[in-house]
Amino acid sequence: MNNNSGGNQSKRGFDRAYGGKQTEQARELWTYTQVNFAKIAEDMGALGLRVEQPADFAPALAKALAANRPVVIDVVTDIDALAPTAVT
């Protein structure tokens, strides 16, 4: 799970709607407070793993694949990082 505290897959749409200059109020439409999804997974009976550093992902993935039960890997990412667009 990509946990960047927001739905910034919608950021470009909001940028277009606000002329590229969002207000803090507009940003509230696609951001949320920090959530530990690994903890939520644990509370629901799954294995929850939280990754905050890139080097920790491979060991977490190995642990998840060996778990033999439902797993959530909560990968904390930068909210301002955007994938390149497929279509311009």
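Let's start with Arg-50 and Asp-74, whose side chains form a salt bridge, with the closest N and O atoms 2.6 Å apart. By salt bridge I mean a side-chain nitrogen of Lys or Arg within 4 Å of a carboxyl oxygen of Asp or Glu. This pair links distant parts of the chain: Arg-50 sits in strand E2 and Asp-74 in strand E3, 24 residues apart. Helices here are DSSP runs of H or I with at least four residues, strands are runs of E with at least two, and both are numbered from the N terminus.

Before going on, a word about what we have on screen. This is a predicted model, so local features need a pLDDT of at least 70 and side-chain atom pairs count only at pLDDT 80 or more, while totals for chains, interfaces and linings use all residues. Residues are numbered from 1 along each chain as its sequence is written, and side-chain values use heavy atoms, with hydrogens and water left out.

Back to our pair. Is Asp-74 buried or exposed? Asp-74 is buried, at 0% relative accessibility, whereas Arg-50 is partly exposed, at 31%. Buried means under 20% relative accessible area, exposed means over 50%, and partly exposed is in between, with a 1.4 Å probe and protein chains only. Arg-50 also forms a salt bridge with Glu-52, where the closest N and O atoms are 3.0 Å apart. That gives a network of salt bridges linking Arg-50, Glu-52 and Asp-74.

How many salt bridges are there by this rule? The count comes to three. One of them joins the side chains of Lys-39 and Asp-43, at 2.8 Å from N to O. Both of these residues lie in helix H3, residues 37–43, and they are four residues apart, about one turn of the helix. Lys-39 is partly exposed at 47%, and Asp-43 is exposed at 57%.

Now to the sheet itself. It is an open sheet of three strands in the order E1-E3-E2, with parallel pairing. Strand E1 (2–3) and strand E2 (47–51) stand at the edges with a single partner strand each, so one side of each is left without a neighbour in the sheet. Two strands count as paired if DSSP finds at least two bridges between them. E2 and E3 pair in the parallel sense over five bridges. Along that pairing, Gly-48 stands opposite Val-72 in E3, and Leu-49 stands opposite Ile-73 in E3. As a reminder, strands of a sheet pair through backbone hydrogen bonds, either parallel or antiparallel. E2 is mostly covered, with four of its five residues buried.

What about helix H4? Its residues are 57–66. Phe-57 is found in H4 and is partly exposed, with a relative accessible area of 33%. Together with Leu-61 and Leu-65, Phe-57 makes a nonpolar surface patch of about 290 Å². Patches are made of residues with over 30% relative accessible area and no salt bridge; like charges are joined within 9 Å, and nonpolar side chains (Val, Leu, Ile, Met, Phe, Trp, Tyr) within 5 Å. The accessible areas come from the Shrake-Rupley method with a 1.4 Å probe, and for residues only the protein chains shown count as cover.

Asn-68 is in the loop between H4 and strand E3 (71–76). Asn-68 has a positive phi of about 60° although it is not a glycine. At 76% relative accessibility, Asn-68 counts as exposed.

Last stop: the loop between E1 and helix H1 (11–17), where we find Gly-7. Ser-5 is in the loop between E1 and H1 too. Ser-5 is buried at 16% relative accessibility, and Gly-7 is buried at 18%. Which residues does Gly-7 contact, leaving aside its neighbours within four places in sequence? Those are Trp-30 and Tyr-32, with contact meaning heavy atoms within 4.5 Å. With its own neighbours within four places left aside, Ser-5 is in contact with Thr-31, Tyr-32, Thr-33, Gln-34 and Ile-79. Gly-7 and Ile-79 are 72 residues apart in sequence and 8.6 Å apart in space, C-alpha to C-alpha.
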